[in-house]
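Here is a short note for a colleague who is new to this entry. Please read it with the model open.

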Amino acid sequence: MAQQAMTVRLDSQMKAQFDALCEQFGMSANTAINLFVNKVVRSKSIPFSISVTEDKETVRMNAIKAMESMQKSAQEAGVSEMTLDEINEEIRLAREERKKRLGI
């Protein structure tokens, strides 16, 4: 399936907060938005919440469960989905970018 860019305008402080939270979740903002959009389209509802109040391992496990659920739904619907390897690569690149930005 062909991909297309989407532009989202956010308040600069809101974007910074979103980026920071996504980093805590272990994913890029782009990955988080893709997960959200895919799940909303499939379920026709706002399907899940991720909270920072949970410990990192719980957040990670919930994110993995949500991704697995979305992959299963996509397969059942015959929709092409990002593989876990593709998602992990995107996360790795986002972490590299973050380290460069922070000078680590």
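Is Glu97 buried or exposed? Glu97 counts as exposed, at 52% relative accessibility. (Buried is under 20% relative accessible area, exposed over 50%, and partly exposed in between, with a 1.4 Å probe and protein chains only.)

1. Basis. This is a predicted model, in which local features need pLDDT of at least 70, side-chain atom pairs count only at pLDDT 80 or more, and totals for chains, interfaces and linings use all residues. Residues are numbered from 1 along each chain as its sequence is written, and side-chain values use heavy atoms, with hydrogens and water left out.

2. Salt bridges. The structure holds 7 salt bridges. (Each is a side-chain nitrogen of Lys or Arg within 4 Å of a carboxyl oxygen of Asp or Glu.) Glu23, Glu97, Arg98 and Arg101 are linked in a network of them.

3. A link between helices. Glu23 pairs with Arg101 at 2.8 Å, N to O. Glu23 is in helix α1 and Arg101 in helix α4, so this bridge ties together parts 78 residues apart in sequence. (Helices are DSSP runs of H or I, at least four residues, numbered from the N terminus.) Glu23 is partly exposed at 31%. Arg101 is exposed at 53%.

4. Pairs inside α4. Glu97 also meets Arg101, at 3.7 Å, N to O. The two are 4 residues apart in helix α4, so about one helical turn separates them. Arg92 and Glu89 form another salt bridge, with their closest N and O atoms 2.5 Å apart. They sit 3 residues apart in helix α4, again about one helical turn. Arg92 is partly exposed at 36%, and Glu89 is partly exposed at 34%.

5. The core. The largest nonpolar core has 12 residues, among them Cys22, Leu35, Val59 and Ile91. (Such a core is a set of buried Ala, Val, Leu, Ile, Met, Phe, Trp, Tyr and Cys residues joined through side-chain atoms within 4.5 Å.) Helices α1, α2, α3 and α4 each give two or more residues. The largest share, 4 residues, comes from α3.

6. The patch. Met6, Val8, Leu10, Met14, Ile33, Phe36, Val37, Val41 and Ile46 make a nonpolar surface patch of about 840 Å². (Patch residues have over 30% relative accessible area and no salt bridge; nonpolar side chains, Val, Leu, Ile, Met, Phe, Trp or Tyr, are joined within 5 Å. Areas come from the Shrake-Rupley method with a 1.4 Å probe.) Helix α2, residues 29-43, gives the most, with 4 residues. Phe36 lies in helix α2 and is partly exposed at 35%.

Key. Patch = residues over 30% accessible without salt bridge, like charges linked within 9 Å, V, L, I, M, F, W, Y side chains within 5 Å.
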